[in-house]
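User: I would like to learn how to read strand pairing and backbone angles in a protein model. Could you take me through some cases, with the general idea before each one?

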Amino acid sequence: MLRILPGPISASRADDAQRTHWPDVPLAVLMLALPLVGLIAIYSASIAVAYAETGDPHFYFRRQLLFLVVGFAAAFIMMRIDYHWFFRIQFFGLNLTFWLLAAVLMVLVLMAVTDIGYLARGSVRWIRWGPVSLQPSEIAKPAIVLYLAQALARHETGVKRLVYFLAPTLLVGLLAAIVAQQPDLGTAVMILIIGMSILVAARIPLLYLIGFIGAGSLAAWYAIILHPYRLQRLTAFLDPFNPQYQDNLAHHNFQALLAFGSGKITGVGLGRGMQKFFYMPEPHTDTIYAVIGEELGLIGTLAVLALYVLLAWRGFNVAARAPDMFGQLLALGLTCGLFGQALLNMAVVTGLLPFTGIPLPFISAGGSSLLASSIAMGILLNISTQTKNVAKGKSSSRWIANSDSDPQS
(Lines give C-alpha, C1' and ligand atoms only; values in the text may rest on other atoms or scores of the structure.)
Protein backbone atom coordinates (compact mmCIF):
# COMPACT_ATOMS: atom_id res chain seq x y z
CA MET A 1 0.00 0.00 0.00
CA LEU A 2 2.53 2.58 1.18
CA ARG A 3 5.46 2.57 -1.17
CA ILE A 4 8.57 4.71 -1.04
CA LEU A 5 10.51 4.86 -4.27
CA PRO A 6 14.14 5.73 -3.58
CA GLY A 7 15.05 4.80 -7.15
CA PRO A 8 18.52 4.62 -8.60
CA ILE A 9 20.14 8.05 -8.33
CA SER A 10 23.08 9.06 -10.46
CA ALA A 11 26.40 9.72 -8.76
CA SER A 12 26.24 13.43 -9.56
CA ARG A 13 22.71 13.68 -8.13
CA ALA A 14 23.74 11.78 -4.99
CA ASP A 15 26.67 14.14 -4.47
CA ASP A 16 24.37 17.14 -4.89
CA ALA A 17 21.92 15.68 -2.35
CA GLN A 18 24.73 15.25 0.20
CA ARG A 19 26.11 18.75 -0.29
CA THR A 20 23.20 20.62 1.23
CA HIS A 21 23.91 24.10 2.50
CA TRP A 22 22.22 26.90 4.39
CA PRO A 23 18.85 28.15 3.08
CA ASP A 24 18.74 31.24 0.89
CA VAL A 25 19.35 34.10 3.33
CA PRO A 26 17.18 36.76 1.60
CA LEU A 27 14.25 34.30 1.47
CA ALA A 28 14.68 33.50 5.15
CA VAL A 29 14.75 37.23 5.98
CA LEU A 30 11.59 37.78 3.92
CA MET A 31 9.90 34.95 5.83
CA LEU A 32 10.38 37.13 8.91
CA ALA A 33 9.99 40.61 7.39
CA LEU A 34 6.71 40.19 5.50
CA PRO A 35 4.71 38.78 8.46
CA LEU A 36 6.19 41.49 10.69
CA VAL A 37 4.94 44.16 8.27
CA GLY A 38 1.62 42.32 8.30
CA LEU A 39 1.36 42.41 12.09
CA ILE A 40 2.01 46.16 12.17
CA ALA A 41 -0.51 46.81 9.39
CA ILE A 42 -3.15 44.55 10.97
CA TYR A 43 -2.70 46.20 14.37
CA SER A 44 -3.48 49.57 12.81
CA ALA A 45 -6.13 48.49 10.29
CA SER A 46 -8.23 46.22 12.50
CA ILE A 47 -8.71 48.23 15.72
CA ALA A 48 -12.10 49.73 14.81
CA VAL A 49 -13.47 46.57 13.15
CA ALA A 50 -12.28 44.33 15.98
CA TYR A 51 -13.82 46.54 18.66
CA ALA A 52 -17.14 46.73 16.80
CA GLU A 53 -17.31 42.96 16.23
CA THR A 54 -15.82 41.54 19.43
CA GLY A 55 -15.38 44.38 21.93
CA ASP A 56 -11.63 43.75 21.89
CA PRO A 57 -9.71 46.24 19.69
CA HIS A 58 -6.71 43.88 19.55
CA PHE A 59 -8.65 40.73 18.65
CA TYR A 60 -7.42 40.36 15.06
CA PHE A 61 -3.86 41.30 16.01
CA ARG A 62 -3.72 38.61 18.70
CA ARG A 63 -5.29 36.06 16.42
CA GLN A 64 -2.81 36.84 13.63
CA LEU A 65 0.04 36.50 16.11
CA LEU A 66 -1.19 33.01 16.97
CA PHE A 67 -1.55 32.16 13.27
CA LEU A 68 2.00 33.39 12.75
CA VAL A 69 3.34 30.92 15.31
CA VAL A 70 1.55 28.09 13.48
CA GLY A 71 2.81 29.41 10.14
CA PHE A 72 6.42 29.55 11.32
CA ALA A 73 6.12 25.99 12.64
CA ALA A 74 4.72 24.80 9.28
CA ALA A 75 7.48 26.60 7.36
CA PHE A 76 10.17 25.09 9.60
CA ILE A 77 8.77 21.58 9.16
CA MET A 78 8.57 21.94 5.37
CA MET A 79 12.09 23.38 5.28
CA ARG A 80 13.38 20.28 7.10
CA ILE A 81 11.64 17.77 4.81
CA ASP A 82 13.59 16.94 1.64
CA TYR A 83 11.29 18.01 -1.18
CA HIS A 84 12.22 14.83 -3.14
CA TRP A 85 10.05 12.81 -0.75
CA PHE A 86 6.97 14.37 -2.33
CA PHE A 87 8.18 12.86 -5.61
CA ARG A 88 8.94 9.38 -4.32
CA ILE A 89 6.23 8.43 -1.80
CA GLN A 90 3.30 6.51 -3.27
CA PHE A 91 0.06 5.07 -1.90
CA PHE A 92 -1.72 2.38 -3.90
CA GLY A 93 0.45 3.11 -6.92
CA LEU A 94 -0.34 6.84 -7.00
CA ASN A 95 1.98 9.62 -5.91
CA LEU A 96 1.53 11.39 -2.58
CA THR A 97 1.00 14.72 -4.36
CA PHE A 98 -2.01 13.25 -6.18
CA TRP A 99 -3.58 12.15 -2.89
CA LEU A 100 -2.98 15.56 -1.30
CA LEU A 101 -4.72 17.27 -4.21
CA ALA A 102 -7.50 14.64 -4.23
CA ALA A 103 -8.16 15.27 -0.53
CA VAL A 104 -8.48 19.02 -1.12
CA LEU A 105 -10.77 18.44 -4.10
CA MET A 106 -12.95 16.08 -2.07
CA VAL A 107 -13.36 18.65 0.70
CA LEU A 108 -14.24 21.38 -1.83
CA VAL A 109 -16.81 19.12 -3.51
CA LEU A 110 -18.36 18.24 -0.14
CA MET A 111 -18.59 21.94 0.68
CA ALA A 112 -20.43 22.48 -2.60
CA VAL A 113 -22.99 19.67 -2.17
CA THR A 114 -23.40 19.50 1.63
CA ASP A 115 -23.60 21.95 4.52
CA ILE A 116 -20.18 21.24 6.07
CA GLY A 117 -19.02 24.71 5.02
CA TYR A 118 -20.39 27.88 6.54
CA LEU A 119 -21.49 31.10 4.92
CA ALA A 120 -19.49 34.27 5.54
CA ARG A 121 -19.27 37.46 3.49
CA GLY A 122 -21.61 35.95 0.89
CA SER A 123 -19.46 32.89 0.16
CA VAL A 124 -19.15 29.34 1.46
CA ARG A 125 -15.34 29.18 1.61
CA TRP A 126 -14.60 28.02 5.17
CA ILE A 127 -14.88 24.90 7.30
CA ARG A 128 -15.14 25.48 11.04
CA TRP A 129 -14.26 23.26 14.00
CA GLY A 130 -15.25 25.20 17.09
CA PRO A 131 -13.15 28.39 17.17
CA VAL A 132 -10.87 27.15 14.37
CA SER A 133 -11.75 27.75 10.71
CA LEU A 134 -9.93 26.70 7.54
CA GLN A 135 -10.27 27.83 3.93
CA PRO A 136 -9.51 24.72 1.81
CA SER A 137 -9.09 26.77 -1.39
CA GLU A 138 -5.99 28.40 0.13
CA ILE A 139 -4.43 24.98 0.84
CA ALA A 140 -5.29 24.00 -2.74
CA LYS A 141 -2.64 26.39 -4.11
CA PRO A 142 0.48 24.64 -2.73
CA ALA A 143 -1.23 21.29 -3.36
CA ILE A 144 -1.74 22.00 -7.08
CA VAL A 145 1.87 23.18 -7.42
CA LEU A 146 3.19 19.96 -5.85
CA TYR A 147 1.00 17.81 -8.08
CA LEU A 148 1.75 19.61 -11.34
CA ALA A 149 5.51 19.72 -10.68
CA GLN A 150 5.56 15.99 -9.92
CA ALA A 151 3.32 14.99 -12.83
CA LEU A 152 5.26 16.98 -15.44
CA ALA A 153 8.73 16.15 -14.06
CA ARG A 154 7.92 12.42 -14.09
CA HIS A 155 7.37 12.57 -17.87
CA GLU A 156 10.13 15.05 -18.67
CA THR A 157 11.24 13.30 -21.86
CA GLY A 158 7.69 12.99 -23.16
CA VAL A 159 6.12 16.17 -21.87
CA LYS A 160 5.27 17.23 -25.43
CA ARG A 161 2.81 14.34 -25.71
CA LEU A 162 -0.76 15.39 -25.06
CA VAL A 163 -1.55 12.38 -22.87
CA TYR A 164 1.04 13.35 -20.24
CA PHE A 165 -0.26 16.82 -19.45
CA LEU A 166 -3.95 16.50 -20.37
CA ALA A 167 -4.94 15.00 -17.01
CA PRO A 168 -2.98 17.59 -14.96
CA THR A 169 -4.47 20.40 -17.04
CA LEU A 170 -8.01 19.08 -16.58
CA LEU A 171 -7.45 18.83 -12.83
CA VAL A 172 -6.35 22.48 -12.74
CA GLY A 173 -9.50 23.47 -14.62
CA LEU A 174 -11.72 21.35 -12.37
CA LEU A 175 -10.19 22.80 -9.21
CA ALA A 176 -10.55 26.38 -10.49
CA ALA A 177 -14.17 25.76 -11.51
CA ILE A 178 -15.12 24.37 -8.09
CA VAL A 179 -13.47 27.29 -6.28
CA ALA A 180 -15.14 29.82 -8.62
CA GLN A 181 -18.54 28.41 -7.65
CA GLN A 182 -18.09 29.12 -3.92
CA PRO A 183 -17.87 31.93 -5.22
CA ASP A 184 -14.17 32.82 -4.96
CA LEU A 185 -13.14 34.14 -8.35
CA GLY A 186 -9.85 35.62 -7.10
CA THR A 187 -8.49 32.28 -5.84
CA ALA A 188 -9.78 30.53 -8.97
CA VAL A 189 -7.83 33.00 -11.13
CA MET A 190 -4.71 32.38 -9.03
CA ILE A 191 -5.04 28.61 -9.52
CA LEU A 192 -5.20 29.13 -13.29
CA ILE A 193 -2.19 31.46 -13.19
CA ILE A 194 -0.17 28.94 -11.19
CA GLY A 195 -1.15 26.13 -13.56
CA MET A 196 -0.24 28.12 -16.65
CA SER A 197 3.12 29.22 -15.21
CA ILE A 198 4.15 25.61 -14.55
CA LEU A 199 2.98 24.47 -17.98
CA VAL A 200 4.99 27.25 -19.61
CA ALA A 201 8.06 26.31 -17.55
CA ALA A 202 7.66 22.68 -18.60
CA ARG A 203 7.76 23.86 -22.22
CA ILE A 204 4.56 22.28 -23.44
CA PRO A 205 3.90 22.85 -27.16
CA LEU A 206 2.70 26.37 -27.99
CA LEU A 207 -0.45 25.10 -29.71
CA TYR A 208 -1.54 23.22 -26.59
CA LEU A 209 -0.74 26.24 -24.41
CA ILE A 210 -2.89 28.49 -26.62
CA GLY A 211 -5.71 25.98 -26.28
CA PHE A 212 -5.33 25.98 -22.49
CA ILE A 213 -5.40 29.78 -22.35
CA GLY A 214 -8.39 29.91 -24.70
CA ALA A 215 -10.35 27.37 -22.67
CA GLY A 216 -9.52 29.22 -19.45
CA SER A 217 -10.59 32.55 -20.94
CA LEU A 218 -13.91 31.12 -22.11
CA ALA A 219 -14.51 29.58 -18.70
CA ALA A 220 -13.73 32.90 -16.99
CA TRP A 221 -16.10 34.78 -19.30
CA TYR A 222 -18.81 32.19 -18.68
CA ALA A 223 -18.29 32.56 -14.91
CA ILE A 224 -18.77 36.32 -15.29
CA ILE A 225 -21.92 36.25 -17.40
CA LEU A 226 -23.40 33.39 -15.35
CA HIS A 227 -23.60 35.70 -12.33
CA PRO A 228 -25.01 39.13 -13.26
CA TYR A 229 -23.39 40.85 -10.27
CA ARG A 230 -19.94 40.03 -11.69
CA LEU A 231 -20.81 41.69 -14.99
CA GLN A 232 -22.22 44.67 -13.10
CA ARG A 233 -19.04 44.86 -11.03
CA LEU A 234 -17.01 44.89 -14.25
CA THR A 235 -19.14 47.78 -15.52
CA ALA A 236 -18.62 49.66 -12.25
CA PHE A 237 -14.87 49.04 -12.46
CA LEU A 238 -14.76 50.92 -15.75
CA ASP A 239 -16.45 53.95 -14.14
CA PRO A 240 -15.72 53.85 -10.37
CA PHE A 241 -16.41 57.56 -9.83
CA ASN A 242 -19.94 57.33 -11.18
CA PRO A 243 -22.24 58.31 -8.26
CA GLN A 244 -24.64 55.43 -8.97
CA TYR A 245 -21.84 52.91 -8.28
CA GLN A 246 -19.96 54.57 -5.39
CA ASP A 247 -22.25 53.28 -2.65
CA ASN A 248 -22.55 49.70 -3.94
CA LEU A 249 -20.71 48.03 -6.84
CA ALA A 250 -17.68 50.35 -6.91
CA HIS A 251 -17.60 51.07 -3.19
CA HIS A 252 -14.44 49.02 -2.54
CA ASN A 253 -12.55 50.59 -5.44
CA PHE A 254 -13.72 54.12 -4.69
CA GLN A 255 -12.79 54.04 -0.99
CA ALA A 256 -9.44 52.38 -1.70
CA LEU A 257 -8.58 55.09 -4.22
CA LEU A 258 -9.55 57.73 -1.67
CA ALA A 259 -7.18 56.09 0.81
CA PHE A 260 -4.28 56.18 -1.63
CA GLY A 261 -5.09 59.78 -2.53
CA SER A 262 -5.14 60.81 1.13
CA GLY A 263 -1.78 59.19 1.77
CA LYS A 264 0.02 61.00 -1.05
CA ILE A 265 3.82 60.54 -0.86
CA THR A 266 4.59 60.11 2.84
CA GLY A 267 1.20 59.15 4.28
CA VAL A 268 -0.87 60.61 7.09
CA GLY A 269 1.06 58.65 9.72
CA LEU A 270 0.90 55.11 11.09
CA GLY A 271 -2.39 54.58 12.91
CA ARG A 272 -3.87 57.88 11.72
CA GLY A 273 -5.73 56.67 8.64
CA MET A 274 -9.48 57.29 8.41
CA GLN A 275 -10.68 54.82 5.78
CA LYS A 276 -10.35 51.88 8.20
CA PHE A 277 -13.11 53.42 10.34
CA PHE A 278 -15.91 51.67 8.44
CA TYR A 279 -15.48 53.64 5.22
CA MET A 280 -13.51 50.93 3.41
CA PRO A 281 -14.69 47.29 3.70
CA GLU A 282 -12.28 44.61 4.95
CA PRO A 283 -9.44 47.01 5.87
CA HIS A 284 -7.47 44.28 7.67
CA THR A 285 -7.80 41.63 4.94
CA ASP A 286 -8.43 42.24 1.24
CA THR A 287 -7.84 46.02 1.25
CA ILE A 288 -5.00 46.24 3.76
CA TYR A 289 -2.68 47.54 1.02
CA ALA A 290 -4.87 50.64 0.76
CA VAL A 291 -4.53 51.19 4.53
CA ILE A 292 -0.75 51.02 4.10
CA GLY A 293 -1.04 53.51 1.24
CA GLU A 294 -3.06 55.95 3.34
CA GLU A 295 -0.91 55.76 6.46
CA LEU A 296 2.56 55.31 4.93
CA GLY A 297 1.95 56.87 1.53
CA LEU A 298 3.57 56.01 -1.78
CA ILE A 299 6.85 55.33 0.02
CA GLY A 300 5.22 52.63 2.17
CA THR A 301 3.45 50.95 -0.73
CA LEU A 302 6.63 50.92 -2.84
CA ALA A 303 8.56 49.43 0.09
CA VAL A 304 6.04 46.59 0.38
CA LEU A 305 6.16 46.06 -3.39
CA ALA A 306 9.97 45.94 -3.20
CA LEU A 307 9.77 43.12 -0.65
CA TYR A 308 7.64 41.04 -3.02
CA VAL A 309 9.95 41.81 -5.96
CA LEU A 310 12.86 40.59 -3.84
CA LEU A 311 10.87 37.45 -3.04
CA ALA A 312 10.26 36.86 -6.75
CA TRP A 313 13.94 37.42 -7.61
CA ARG A 314 15.18 34.97 -4.98
CA GLY A 315 12.45 32.43 -5.76
CA PHE A 316 13.23 32.43 -9.48
CA ASN A 317 16.92 32.23 -8.64
CA VAL A 318 16.24 29.11 -6.56
CA ALA A 319 14.22 27.64 -9.43
CA ALA A 320 17.01 28.29 -11.93
CA ARG A 321 19.58 26.54 -9.71
CA ALA A 322 17.44 23.63 -8.46
CA PRO A 323 19.18 20.26 -8.98
CA ASP A 324 16.39 18.62 -11.00
CA MET A 325 13.27 19.35 -13.02
CA PHE A 326 10.94 18.61 -10.11
CA GLY A 327 12.71 21.20 -7.97
CA GLN A 328 12.72 23.72 -10.80
CA LEU A 329 8.99 23.44 -11.51
CA LEU A 330 8.15 23.33 -7.81
CA ALA A 331 10.16 26.45 -6.95
CA LEU A 332 8.84 28.34 -9.96
CA GLY A 333 5.22 27.43 -9.26
CA LEU A 334 5.44 28.40 -5.58
CA THR A 335 7.15 31.68 -6.43
CA CYS A 336 4.56 32.54 -9.09
CA GLY A 337 1.83 31.73 -6.59
CA LEU A 338 3.17 34.08 -3.91
CA PHE A 339 4.32 36.89 -6.18
CA GLY A 340 1.35 36.59 -8.55
CA GLN A 341 -1.15 36.77 -5.69
CA ALA A 342 0.60 39.84 -4.28
CA LEU A 343 0.48 41.56 -7.67
CA LEU A 344 -3.17 40.59 -8.14
CA ASN A 345 -4.14 42.01 -4.75
CA MET A 346 -2.24 45.24 -5.42
CA ALA A 347 -3.72 45.59 -8.91
CA VAL A 348 -7.24 45.10 -7.56
CA VAL A 349 -6.85 47.54 -4.66
CA THR A 350 -5.24 50.23 -6.85
CA GLY A 351 -8.06 49.98 -9.40
CA LEU A 352 -6.06 48.34 -12.19
CA LEU A 353 -8.32 45.26 -12.16
CA PRO A 354 -11.97 44.69 -11.19
CA PHE A 355 -12.39 44.12 -7.47
CA THR A 356 -12.25 40.56 -6.21
CA GLY A 357 -11.46 39.40 -2.72
CA ILE A 358 -7.94 37.99 -2.45
CA PRO A 359 -5.51 38.39 0.48
CA LEU A 360 -2.05 39.93 0.34
CA PRO A 361 0.33 37.03 1.19
CA PHE A 362 1.80 37.20 4.71
CA ILE A 363 0.31 40.67 5.32
CA SER A 364 -3.50 40.32 5.20
CA ALA A 365 -5.19 38.91 8.29
CA GLY A 366 -6.23 35.28 7.93
CA GLY A 367 -4.93 31.96 9.16
CA SER A 368 -5.51 29.87 6.03
CA SER A 369 -3.71 32.31 3.76
CA LEU A 370 -0.79 32.64 6.18
CA LEU A 371 -0.55 28.85 6.57
CA ALA A 372 -0.57 28.24 2.80
CA SER A 373 2.03 30.98 2.22
CA SER A 374 4.22 29.62 5.01
CA ILE A 375 4.09 26.10 3.58
CA ALA A 376 5.10 27.47 0.18
CA MET A 377 7.98 29.45 1.67
CA GLY A 378 9.15 26.45 3.70
CA ILE A 379 9.34 24.27 0.57
CA LEU A 380 11.17 27.06 -1.28
CA LEU A 381 13.72 27.28 1.55
CA ASN A 382 14.25 23.50 1.42
CA ILE A 383 14.90 23.61 -2.32
CA SER A 384 17.33 26.48 -1.74
CA THR A 385 19.44 24.23 0.52
CA GLN A 386 20.08 21.93 -2.46
CA THR A 387 20.68 24.44 -5.24
CA LYS A 388 23.69 24.20 -7.55
CA ASN A 389 26.00 26.99 -8.63
CA VAL A 390 25.22 28.08 -12.19
CA ALA A 391 28.31 27.85 -14.36
CA LYS A 392 29.60 31.07 -15.86
CA GLY A 393 28.22 31.68 -19.30
CA LYS A 394 25.34 29.30 -18.76
CA SER A 395 21.90 30.84 -18.78
CA SER A 396 20.12 30.60 -15.43
CA SER A 397 16.73 31.03 -17.10
CA ARG A 398 16.63 27.57 -18.64
CA TRP A 399 14.16 25.92 -16.35
CA ILE A 400 14.34 22.38 -17.66
CA ALA A 401 17.16 20.38 -16.16
CA ASN A 402 19.07 17.73 -18.07
CA SER A 403 17.67 14.25 -17.94
CA ASP A 404 20.51 13.01 -15.71
CA SER A 405 19.31 15.29 -12.92
CA ASP A 406 15.77 13.96 -12.78
CA PRO A 407 14.79 12.46 -9.39
CA GLN A 408 14.07 9.15 -11.09
CA SER A 409 17.29 8.91 -13.04
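User: Which residue in β6 does W129 stand opposite?

Analyst: As a general idea, the strands of a sheet pair through backbone hydrogen bonds, and they do so either parallel or antiparallel. In this predicted model, W129 stands opposite V132 in β6, and the strand β5, residues 123-129, pairs with β6 in the antiparallel sense over 3 bridges.

User: In what order do the 3 strands of the open sheet come?

Analyst: The order is β4-β5-β6, with antiparallel pairing. The strands at the edges are β4 (117-120) and β6 (132-134), and each has a single partner strand, so one side of each is left without a neighbour in the sheet. From one strand to the next, the twist averages 50 degrees.

User: Which residues other than glycine have a positive phi?

Analyst: Most residues other than glycine have a negative phi. Among the exceptions here is R203, with a positive phi of about 60 degrees, which is found in the loop between α9 and α10 (206-226). Another is F278, whose phi is near 70 degrees, and F278 lies in the loop between α13 (251-263) and α14 (288-321).

User: Is F278 buried or exposed?

Analyst: F278 has a relative accessible area of 56%, and because exposed means over 50%, F278 is exposed. R203, at 40% relative accessibility, counts as partly exposed.

User: Is the peptide bond from Q182 to P183 cis or trans?

Analyst: Most peptide bonds are trans. The bond from Q182 to P183, however, is cis, with omega near 0 degrees, and P183 is found in the loop between α8 (162-180) and α9 (185-201).

How values were computed: Residues numbered from 1 in each chain as written. Predicted model: local features only at pLDDT ≥ 70, side-chain atom pairs only at ≥ 80, totals over all residues. Heavy atoms only, no water. Helix = DSSP H or I, 4+ residues; strand = E, 2+ residues; numbered from the N terminus. Buried < 20%, exposed > 50% of the residue type's maximum accessible area, 1.4 Å probe, protein only. Pairing = 2+ DSSP bridges. Axes fitted to C-alpha atoms, helices over the stretch in contact; angles between N-to-C directions.
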